[in-house]
Amino acid sequence: MNIVLLGAPGAGKGTQAQKLVEEFGLAHISTGDLLRAAVKAQSELGLQAKAYMDAGKLVPDQLVINLVKERLQADDAKAGFILDGFPRNTAQAVTLDSELAAMERNLDAALLVDVKPDVIVKRLSSRRTCRSCGYTAPAGVDVCPRCGGEMYQRDDDKPETIQKRLDVYQTQTAPLIEYYRGHSILKEVDGDRPVDEVYADVRALLTA
Ligand SMILES: [Zn+2]
């Protein structure tokens with residue numbers, strides 16, 4: 001099962017991905033985690049990415065694509081994967097399709113976790129992130145349950161930047177919904193419900 005996760009920042013994609021990983025043994029490929037890991041490992045791609053990040057610039061598409069490509073070839077991704085945070089725009093989606101085709105693979109589903117913008121703003125402004133591993137939890141959790149690291153509020157999750165992130169999502173990422181609808185692999189769930197209810201729908205859609 002090869003899946004792309006879609007949805008605004010804060011829609012709960014990571015939580016759903018984690019459940020799919022546990023149940024189906026898929027590799028969870030989050031570009032945020034990939035970038036952090038590459039930088040930490042000081043791999044060639046990681047060092048290149050770090051130079052952009054240190055300069056406060058966006059890591060270029062091609063670099064992210066190379067990281068994803070490398071990750072897709074790892075053993076644990078052979079049985080299936082979930083891409084989270086990639087592709088971010090239609091150009092990346094087109095590139096992904098051709099990279100997958102070159103590996104004689106394809107996407108089975110683009111799963112959209114749909115949550116309204118006002119709900120997203122509330123969720124994100126109360127979100128805390130682990131400094132070491134990137135785990136996220138609601139405000140009030142001070143120690144990461146996954147690795148014991150310090151939980152903090154990312155600048156990204158401060159109210160003044162949330163609207164900007166949603167605008168970027170609307171203009172760049174939302175068009176992917178139509179792209180995958182056109183490829184007849186779009187599956188939509190209402191993400192504004194308890195996690196387990198959302199997952200029941202996700203599961204039903206993906207195994208139908
Ligand atoms: Zn952690």
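Start by selecting cysteine 133 and cysteine 144: both are buried (buried means under 20% relative accessible area, exposed over 50%, and partly exposed in between, with a 1.4 Å probe and protein chains only). A word on what's on screen: this is a predicted model, in which local features need pLDDT of at least 70 and side-chain atom pairs count only at pLDDT 80 or more, while totals for chains, interfaces and linings use all residues. Residues are numbered from 1 along each chain as its sequence is written, and side-chain values use heavy atoms, with hydrogens and water left out.

Cysteine 133 sits in the loop between strand S5 (127-130) and strand S6 (136-138), and cysteine 144 in the loop between S6 and strand S7 (151-152), so the pair ties together parts that are eleven residues apart in sequence. Helices (H or I, at least four residues) and strands (E, at least two) are DSSP runs, numbered from the N terminus.

**Two tyrosines**

Next, select tyrosine 179 and tyrosine 180, which are both buried. A search of the whole structure finds one aromatic pair. The ring centres of tyrosine 179 and tyrosine 180 are 5.1 Å apart and their planes lie at 80°, so the pair is edge-to-face. For the cut-offs, rings of Phe, Tyr and Trp (its six-membered ring) pair if their centres lie within 6.5 Å; planes under 30 degrees apart count as stacked, over 60 as edge-to-face and the rest as tilted.

**Backbone stops**

Most residues other than glycine have a negative phi, and most peptide bonds are trans. With that in mind, go to phenylalanine 86 and proline 87, which are joined by a cis peptide bond with omega about -5°. You'll find proline 87 in the loop between strand S3 (81-84) and helix H5 (90-102).

Then jump to glutamine 42, in the loop between helix H2 (31-41) and helix H3 (44-54). Its phi is positive, near 50°, and it isn't a glycine. Is glutamine 42 buried or exposed? At 56% relative accessibility, glutamine 42 counts as exposed.

Serine 184 also has a positive phi, about 60°, without being a glycine. Look for serine 184 in the loop between helix H8 (175-182) and strand S8 (186-190); at 66% relative accessibility, it counts as exposed.

**Last stop: helix H7**

Finish at threonine 173, which is found in helix H7. At 12% relative accessibility, threonine 173 counts as buried.
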